[in-house]
Amino acid sequence: MQTAILAAGCFWGIEQDFLETKGVIDTKVGYIGGATQNPTYKDVCRGDTGHAEAVQVEFDENTIGYPELLEVFWNCHDATQVNRQGVDIGTQYRSAIFYLNDEQKQQAEQSIKALQTKLKKPIATQLSSAPTFFLAEDYHQKYVMKKRGLM
């Protein structure tokens with residue numbers, strides 16, 4: 001099993017996209033990339049902590065590879081938008097890949113380059129080494145499934 005950490009706007013919908021992906025074992029939503037230790041949703045929503053809403057994805061690399069997981073990531077958001085996704089505006093909604101090792105970094109760089117050749121606008125997705133991932137509050141975990149009454 002491997003782990004990926006990806007930010008693509010509000011974490012609720014992105015988490016659901018990953019949960020519906022074959023090979024994904026589990027997801028957790030949370031906050032990453034900021035200065036505040038143990039931030040809350042309220043803290044992050046202020047937009048001044050530096051954190052992004054993100055999804056930590058546990059996946060079976062025998063079923064889906066990291067490059068294929070990145071394809072799901074690209075397809076579930078607009079990677080050309082800077083610090084926003086749709087009506088959600090702020091640095092907490094930025095597009096970012098937080099790599100956990102050199103192999104993920106190289107594969108993410110290749111994936112970004114390949115996507116850029118297809119798009120007319122520049123890709124805004126940030127690529128950086130993963131700092132501490134802070135879990136979001138319980139009510140955010142599997143939010144869409146809870147709302148649909150599936151949990």
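In this predicted model, D26 forms a salt bridge with K142, and their closest N and O atoms are 2.9 Å apart; a salt bridge here is a side-chain nitrogen of Lys or Arg within 4 Å of a carboxyl oxygen of Asp or Glu. D26 lies in strand β2 and K142 in the loop between β8 and α5, so the pair ties together parts that are 116 residues apart in sequence. Helices (H or I, at least four residues) and strands (E, at least two) are DSSP runs, numbered from the N terminus. Residues are numbered from 1 along each chain as its sequence is written. Because the model is predicted, local features need pLDDT of at least 70 and side-chain atom pairs count only at pLDDT 80 or more, while totals for chains, interfaces and linings use all residues, and side-chain values use heavy atoms, with hydrogens and water left out.

## The salt-bridge network

Side chains of opposite charge can pair when their charged atoms come close. By the rule given above, the count comes to 6 salt bridges, and E15, D26, K28 and K142 are linked in a network of such bridges.

| Pair | Closest N and O atoms |
|---|---|
| D26 and K142 | 2.9 Å |
| K28 and D26 | 3.4 Å |
| K142 and E15 | 4.0 Å |

In the pair of K142 with E15, K142 belongs to the loop between β8 and α5 (143–147) and E15 to helix α1, so this bridge ties together parts that are 127 residues apart in sequence. How buried or exposed are these residues, where buried means under 20% relative accessible area, exposed over 50%, and partly exposed in between (1.4 Å probe, protein chains only)? E15 counts as buried at 1% relative accessibility, and K142 counts as buried at 14%. K28, at 29% relative accessibility, counts as partly exposed, and D26, at 24%, likewise counts as partly exposed.

## Two residues with positive phi

Most residues other than glycine have a negative phi, and most peptide bonds are trans. K142, which is not a glycine, has a positive phi near 55°, and its place is in the loop between β8 and α5. N83 has a positive phi of about 55° although it is not a glycine either; N83 is found in the loop between α3 (66–75) and β4 (84–85) and is partly exposed, with a relative accessible area of 28%.

## The sheet and the helices across it

An open sheet of 6 strands, with mixed pairing, has the order β7-β6-β1-β3-β2-β8, where two strands pair if DSSP finds at least two bridges between them. β7 (126–129) and β8 (133–135) stand at the edges with a single partner strand each, so one side of each is left without a neighbour in the sheet. Neighbouring strands of this sheet are turned by 35° against each other on average, direction ignored; axes are lines fitted to C-alpha atoms, for helices over the stretch in contact, and angles run from 0 to 180 degrees between N-to-C directions. Strand β2 (residues 24–32) and β8 pair in the antiparallel sense over 3 bridges, and the bridge partner of G30 in β8 is L135.

Helix α1 (residues 11–19) lies across β1 (2–8), β2 and β3 (52–59), and runs at about 160° to β2. Helix α4 (residues 102–118) lies across β1, β6 (95–99) and β7, and runs at about 150° to β6.

With 17 residues, α4 reaches 25 Å from its first C-alpha to its last, close to the 24 Å expected at 1.5 Å a residue, the expected span being 1.5 Å times one less than the number of residues. The buried residues of α4 are Q104, Q107, A108, S111, I112 and L115. Seen down the axis of α4, these buried residues fall within an arc of 140°, so they line one face of the helix; the arc is that of the directions from the helix axis to the C-beta atoms. They pack against β1, α3, β6 and β7, with contact meaning heavy atoms within 4.5 Å. The face of α4 turned away from its buried side carries the exposed residues D102, Q110, K113 and T117.

V144 is found in helix α5 and is buried, with a relative accessible area of 18%. Leaving aside its neighbours within four places in sequence, V144 is in contact with W12, G13 and Q16. The C-alpha atoms of V144 and N75, which are 69 residues apart along the chain, are separated by 18 Å.
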